[in-house]
2 protein chains.
Amino acid sequence: MSLKSEILEQPAVLERLYRQQRSRAGEVARTILERDVTSAFLAARGTSDNAALYAKYLWGSMNRLPVALAAPSLFTIYGTPPRLENCLVVGISQSGQSPDIVAVVAEGRRQGALTLAITNDPSSPLAEQAELVLETCAGSEGAIAATKTYTTQLFAIALLSAALKGEAELFEALERVPRLVEETLALDSAIERAAQRYRYMTQCVVIGRGYNYATANEWALKLKELAYVVAESYSSADFQHGPIAIVTPGFPILALLPKGAVFEDAYGLLSGLVEEHGAELVVASNDATALGLARTPLPLPADLPEWLSPLVGIVPAQLFCYHLTQAKGYDTETPRGLLKVTRTW
Amino acid sequence: MSLKSEILEQPAVLERLYRQQRSRAGEVARTILERDVTSAFLAARGTSDNAALYAKYLWGSMNRLPVALAAPSLFTIYGTPPRLENCLVVGISQSGQSPDIVAVVAEGRRQGALTLAITNDPSSPLAEQAELVLETCAGSEGAIAATKTYTTQLFAIALLSAALKGEAELFEALERVPRLVEETLALDSAIERAAQRYRYMTQCVVIGRGYNYATANEWALKLKELAYVVAESYSSADFQHGPIAIVTPGFPILALLPKGAVFEDAYGLLSGLVEEHGAELVVASNDATALGLARTPLPLPADLPEWLSPLVGIVPAQLFCYHLTQAKGYDTETPRGLLKVTRTW
């Protein structure tokens with residue numbers, strides 16, 4: 001399957017995931033609640049690491065779990081892993097193959113921690129090591145750049161969060177996600193036209209905050225992987241602690257800014273970047289004022305709950321990267337220097 | 001004081017810090033060991049956040065503490081902070097002023113967690129909120145870009161790690177750090193000459209792994225703050241999971257690669273970047289083979305223990321950024337768009 005068809009396939013894939021894993025997520029949640037889990041410890045690389053960032057914010061705020069992102073080298077190289085007895089140790093990986101991620105989960109299990117694999121391959125080494133498995137049900141991934149395997153990881157993370165919380169309205173919101181993604185895919189031809197403007201963009205910054213810090217990271221990663229743009233991602237707070245110095249008139253800033261709790265803070269930064277620094281913005285938002293700041297506005301659906309906005313907000317970003325890659329004359333299917341499964345240690 | 005004099009002052013400042021805080025670090029360590037701490041939860045921004053990354057690796061490997069880096073927006077904006085009862089909650093901030101960092105520590109204390117401030121100002125709001133305080137004793141900071149306040153934060157983190165472990169040889173190694181920093185400062189004029197080559201560099205990648213992932217982040221931040229270079233930092237493992245696609249012949253890669261456990265892994269990546277991708281390297285290392293890969297080698301002292309290498313390895317990086325900023329004709333003392341104390345929420 002091509003990259004484009006995998007982007008377009010996402011509503012159907014997410015719907016299948018919900019159907020096939022809802023009850024499994026309930027079982028996983030029950031096991032977590034029964035055990036003495038005081039925090040979560042997540043290991044992932046690349047796109048999956050961006051999904052882990054979403055879990056850090058979502059499980060932190062909705063389930064009040066402190067979430068640590070693993071430093072795999074402590075397990076694989078330094079050989080002195082931290083004590084994980086009271087943690088939920090989670091490995092997130094599409095393929096379930098990268099030895100460093102498998103090693104973190106194996107060590108968690110050895111120490112007696114509760115372990116969970118979130119993976120697209122339930123027969124992978126990662127799934128075999130973990131006590132619990134949530135499948136992402138994305139189907140086989142043909143493109144090198146991850147799209148549907150990212151949104152399904154986010155969905156699995158959100159589904160588990162809802163299951164831990166056990167409120168019916170959370171599940172109702174999850175059920176609406178495939179439709180919201182479908183609606184966003186209608187931006188395709190507008191984004192194709194808009195992408196022409198960025199043909200010679202060689203560097204940019206991507207901003208998101210809170211739940212959408214993950215989206216900023218994933219957007220930036222796709223820009224690097226596919227369009228070879230040096231794209232750096234920041235939360236709107238971190239960006240002010242130093243990196244803002246790189247912004248000159250015309251500097252391209254891409255931003256995710258759906259309505260919600262962090263809107264005001266991030267909006268303040270972006271309007272200052274336009275007014276005081278002369279930055280040029282691409283903004284994905286469902287707020288008219290925020291879209292009004294942008295040279296290239298990417299409208300998101302109006303009825304988008306903030307906690308699920310990363311699942312929908314990444315879609316125009318995927319389309320933007322796809323069309324920019326084509327505008328630059330690069331190959332969307334086989335980006336240089338990348339393999340489908342990267343094995344690190 | 002100017003930026004350059006603050007860089008040069010570091011050996012003296014580190015020596016003073018050791019003298020003034022060694023016994024305090026022992027008291028802090030005893031309190032931590034007495035309480036039921038199962039993990040550490042760190043809040044910081046900008047340069048201090050890079051120091052927090054060092055703590056994540058060092059406390060993880062040497063003290064076997066799982067370390068989570070806080071998402072401050074969960075405290076300040078979402079209003080649903082995670083449960084921190086069993087954590088050591090640490091705020092790291094030179095000024096101790098940023099309201100978001102203060103808010104994380106205040107919430108930790110409210111929940112009954114053990115709290116610690118690592119700050120240069122023992123009368124700051126951060127220090128007032130925390131039960132325990134480690135001072136970084138860096139003296140007043142005049143330059144906008146942090147140098148001595150970063151190395152002293154690293155030193156305080158390493159001192160606490162040694163105090164928790166309580167082994168005499170660790171303290172002996174700490175005592176040698178000021179001399180190693182002094183030795184490294186002798187590279188000044190060689191780095192001044194070498195920096196000319198990068199006058200028109202507008203983007204680059206900085207690589208480090210393990211303890212020196214922090215150094216890569218701090219080097220990249222200084223490049224952005226002072227020389228306005230779009231500099232991205234990666235661990236050698238993360239870089240292979242996608243971002244490596246941006247490398248074309250001549251692409252500048254800056255790397256920290258001291259001898260130690262992660263050397264082999266990172267060396268493998270760097271030699272591949274040269275041989276297969278044609279990247280051009282700047283390498284700070286105490287290994288002749290690694291220096292041999294580089295167009296611009298930055299030799300580090302031979303007798304550098306890996307766990308303390310970030311304190312010494314950042315010094316040639318500071319000098320590199322300082323001289324590059326001058327070569328580009330920018331102002332080293334008042335970088336555009338930055339304030340001494342950034343207050344975010």
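Good morning. Gly337(A) is partly exposed, with a relative accessible area of 48%; here buried means under 20% relative accessible area, exposed over 50%, and partly exposed in between, with a 1.4 Å probe and protein chains only. This residue sits in the segment after α14 (309-327) of chain A. Helices (H or I, at least four residues) and strands (E, at least two) are DSSP runs, numbered from the N terminus. The C-alpha atoms of Gly337(A) and Glu225(A) are separated by 8.9 Å, although the two residues are 112 apart along the chain.

A word on conventions. This is a predicted model, in which local features need pLDDT of at least 70 and side-chain atom pairs count only at pLDDT 80 or more, while totals for chains, interfaces and linings use all residues. Residues are numbered from 1 along each chain as its sequence is written, chains are lettered from A and ligands numbered from 1 in the order in which they are written, and side-chain values use heavy atoms, with hydrogens and water left out.

I turn to the largest pocket. A pocket is, on a 1 Å grid over the protein atoms alone, an open set of points where a 1.4 Å probe fits, with protein on both sides within 12 Å along at least five of seven lines; lining residues have an atom within 4 Å of a point. The space in the largest pocket is about 270 Å³, a volume being the space filled by probe spheres set on the points, which are joined across faces, edges and corners. By class, the lining has six nonpolar, seven polar and three charged residues. Ala, Val, Leu, Ile, Met, Phe, Trp, Tyr, Cys and Pro count as nonpolar, Asp, Glu, Lys and Arg as charged, and the others, Gly among them, as polar.

Next, the sheet of chain A. Five strands, in the order β2-β1-β3-β4-β5, form an open sheet with parallel pairing; two strands pair if DSSP finds at least two bridges between them. At the edges stand β2 (67-69) and β5 (132-135) of chain A, each with a single partner strand, so one side of each is left without a neighbour in the sheet. Neighbouring strands are turned by 20 degrees against each other on average, direction ignored; axes are lines fitted to C-alpha atoms, for helices over the stretch in contact, and angles run from 0 to 180 degrees between N-to-C directions. Six bridges link β3 (residues 87-93) and β4 (residues 114-119) of chain A, and Val89(A) has Thr115(A) as its bridge partner.

Chain B has an open sheet of five strands in the order β7-β6-β8-β9-β10, again with parallel pairing. Its edge strands are β7 (230-234) and β10 (296-299) of chain B, and neighbouring strands are turned by 15 degrees on average, direction ignored.

What of β6 (residues 203-207) of chain B: is the strand enclosed or open? Five of its five residues are buried, so β6 is largely enclosed by the rest of the structure. Gln203(B), Val205(B) and Ile207(B) cover one side, and Cys204(B) and Val206(B) the other. Five bridges join β6(B) to β7(B), where Val206(B) stands opposite Ser233(B). Three bridges join β6(B) to β8(B), with Val205(B) opposite Ile253(B).

Thank you.
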